[in-house]
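Have the coordinates open and follow along.

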Amino acid sequence: MENRLKYILQFGEIDLGKISEVGGKNASLGELVNGLKSAGVNVPDGFALSAEAYRIFIATNKMEEKISGLLNKLNTEKLADLEKAGKHIRDHLRAAKLPQEVRNEIEKAYLRLQNKYGTEIKLAVRSSATAEDLPSASFAGQQETYLNISGTEDLLEAIHNCYISLFTDRAIKYREDHGFDHLKVALSVGIQLMVRSDSASSGVIFTIDPDSGFRNVILVSSIWGLGENIVQGTVNPDEFYVFKPTLHTSHSAIISHKLGSKLKTMIFREDGSGTTNIATPLSKQIKFSLSDEEIIQLALWSEKIEAHYKKPMDIEWAKDGVTGTLFIVQARPETVFSTKRKTKFYQKYELKETGKILCSGTGLGNRIAAGTARLLSTPDDMERLNHGEILVTQKTNPDWDPILKKAAAIVTDQGGRTSHAAIVARELGAVAVVGTNDATRKIRDGELVTVSTVGGEKGAVYAGKSKWTVTDIDISKIKLPETKVMFILGDPDQAFALTAIPNNGVGLMRLEFIINNAIQIHPMALRKYSTLKNKSALQTIDRLTHNYPDKEEYFIAKLSESVAMIAAAFYPKDVIVRMSDFKSNEYANLIGGEEFEPKESNPMLGFRGASRYYHPLYREGFEMECQAIRRVRDEMGFTNIKVMIPFCRTIDEAKKVLDIMADEGLARGHNNLEIYMMCEIPSNVVLADHFSDYFDGFSIGSNDLTQLTLGVDRDSQLLAGLFSAQDPAVMQMIRQVIKSAHRTKTKIGLCGQEPSDDPNFARFLVQEGIDSISFNPDAILEGIENIEKAEKSRIEEITHS
């Protein structure tokens, strides 16, 4: 090799074995170049200035005594002491000079890059710390990065500033807290070709779901401009989930597109080196910052990187706006779930009573915390935050790290799930609600608040101290019974986390939650968009569907992706999707719904379920539902999806609905599709033998079956004492349909709370030979316990008979 340099290592010379020489960040860059460039992964070229060069800098300038003298007897809990010592050290380092031999080598390495890629190249200059005795120690986010660097003098200055950043207040406190000897920590500097993402996009990738640790997905986050905004949590990014098992098949592997606000774009300064933030034009805020083809390319590379490192990864990427080329610019092991010992305990938080909701955003931690809200503008306000208080601020960056451990919860206006606040919250095991937009306006300093993140992806802040319960459950001791135990589920945001609980899949997935929350618009208002009369509804629809010229596609895309998230979470276990079962008054409450719904005196027994599906008032809406399900099964490959028809009153209705489904590509048996029927009307029980000719399975809806068997309005307080699924008449109906299902070899299950609330009802179902029982997530563990007891009792009865 030409003129090998003493303090310079080209990325092609580096691998993970050289962490002690170049630090973790640079070692990982070298590993990417050496291990994955040949596999087609694009990595920008560059070189590393070794940690030995830093040691020469410290020794030549006689810094050891000055640094150790200032840090002796330092109390990092006293902000003034920390700031004073840090400032003096940085002043000394700033006055020091880079040794001439080090300068010469940097200039030679820079010239080589210019000779190879042109004199106009821009550089990213990144700090990469390493500990002398602990080469694997992590110092992620503690030191500085400088972007858009050009020219020899600017490069030398950026490297010098990286050295100085080893003694920022946050870095000093981090080493003190972790017991690192300051003088045994050295700094390598990575000098990398700058990707022109200032005129394109950039972002972060996790090869697992970073909130739940679910490993079958890749999360790609993306923003316009340079990636610092996403790392610092300055903007809410676009987010895309990719399903690993279908990534190499002909199926569409992208199972979710979520549009972020992306209010800011970081670009290069026009007057030379450095960067600046500008407002993102509205036209780009409402547009995804990656194409589907680019998402897939990044996911494929991420999968290769994960396989190479043999562990879940946290990856940074950037797109060059000049060439349109994608690059991987950094990769490191994911720090939360990849290092966490597999826990045997599941801690269940349940919110009982709350005050007024103050704000909401993306929730992290799946826990609840209460305390005094402390509104802080900058880390300089550190001493105002007491242990156990709720930190409320616009956003956080690594400067906040010294104080975040004191907070019981973190609430920010800005940031997504890959922002600094989110990452630190996961690492600390803290509760966090990020991206609220208005927390600093809605929460008063000193106010008592409760922060809850037990609602799936969403989190909320409530006024006052809420009431909640916490239950510790040893999952390792839970064994599934012979009777299948399944979830009742409607919220896709909960799905990944719930897979940690033993289960046999989803016995009832309700579409109503998705339509209410993710879609919000009546399907017929989208189908008949051009003839809508309600101007207010039209304006709202335009706002929600701005990315969808085809309004029907908005409904189909949103519904299919929400269903796909749950299907992916439990794949390949069954997920039984019940088609929409709103009553007419509930449908009318959707945006634009009033124009398409009749006014009924008794919606519970009116225009609902199967009767809607073939009726001219809703048939086109049902066809859209079918198209969404067909997309999930046929295009995305989730054949674990089964379909269930609710409130099917007659055999003739069953025929009509199945004919429409077949016309929409959901023929029973096609691509192994099974179609179930909710058994919730006495006619379903009486004619069960005949209904089994049209359906592969029945699911007993105990609430409706009880109300219709007893003639009791389930919502009537006056008749509440009569409403019971354990009434002899209701139990006889259940017994009868189970026997019928066994006779016709039709699958039979039950959805409801009763088997978890009452062991006697669980025993009854098990004795009758029910195939499966579905529970709400908060009741499934009690349900498993009751079923186990019932099965044990049944075995004992058989043994003694």
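A search of the whole structure finds 41 salt bridges, where a salt bridge is a side-chain nitrogen of Lys or Arg within 4 Å of a carboxyl oxygen of Asp or Glu. Before going further, some ground rules. This is a predicted model, so local features need pLDDT of at least 70 and side-chain atom pairs count only at pLDDT 80 or more, while totals for chains, interfaces and linings use all residues. Residues are numbered from 1 along each chain as its sequence is written, and side-chain values use heavy atoms, with hydrogens and water left out.

| Pair | N to O distance |
|---|---|
| Glu353 and Lys467 | 3.9 Å |
| Arg527 and Glu552 | 3.4 Å |
| Asp574 and Lys642 | 3.7 Å |

Take the pair Glu353 and Lys467, which meet at 3.9 Å. Glu353 belongs to strand S14 (residues 345-353) and Lys467 to strand S22 (residues 467-474), so this pair links distant parts of the chain, 114 residues apart. Helices (H or I, at least four residues) and strands (E, at least two) are DSSP runs, numbered from the N terminus. Glu353 has 46% relative accessibility and counts as partly exposed. On this scale, buried means under 20% relative accessible area, exposed over 50%, and partly exposed in between (1.4 Å probe, protein chains only).

Next come Arg527 and Glu552, joined by a salt bridge of 3.4 Å. Arg527 sits in helix H16 (residues 523-527) and Glu552 in helix H18 (residues 551-570), 25 residues apart. Arg527 is partly exposed at 24%, and Glu552 is partly exposed at 22%.

Asp574 lies in the loop between H18 and strand S25 (575-578), and Lys642 in strand S26 (residues 641-645), so the contact ties together parts that are 68 residues apart in sequence. Is Lys642 buried or exposed? Lys642 is buried, at 7% relative accessibility.

That brings us to S25 itself. Val575 and Val577 point one way from S25, Ile576 and Arg578 point the other way, and all are buried. In a regular strand the side chains alternate between the two faces of the sheet. S25 pairs in the parallel sense with strand S24 (residues 506-510) over three bridges, and with S26, also in the parallel sense, over four bridges. Two strands pair if DSSP finds at least two bridges between them. Val506 stands opposite Val575, while Val577 has Val643 in S26 as its bridge partner.

Now for a couple of helices. Helix H7 (residues 169-178) has seven of its 10 residues buried, so it is largely enclosed by the rest of the structure. The buried set is Asp169, Arg170, Ala171, Ile172, Lys173, Tyr174 and Arg175. Gly179 follows H7, with a positive phi near 75°. In helix H6 (residues 152-164), 13 residues at 1.5 Å a residue should span 18 Å, and the end C-alpha atoms are 19 Å apart, which agrees. The expected span is 1.5 Å times one less than the number of residues. Among the buried residues of H6 are Leu155, Leu156, His160 and Cys162.

Finally, look at helix H9 (residues 282-285), which holds Leu282. Leu282 is exposed, with a relative accessible area of 59%.
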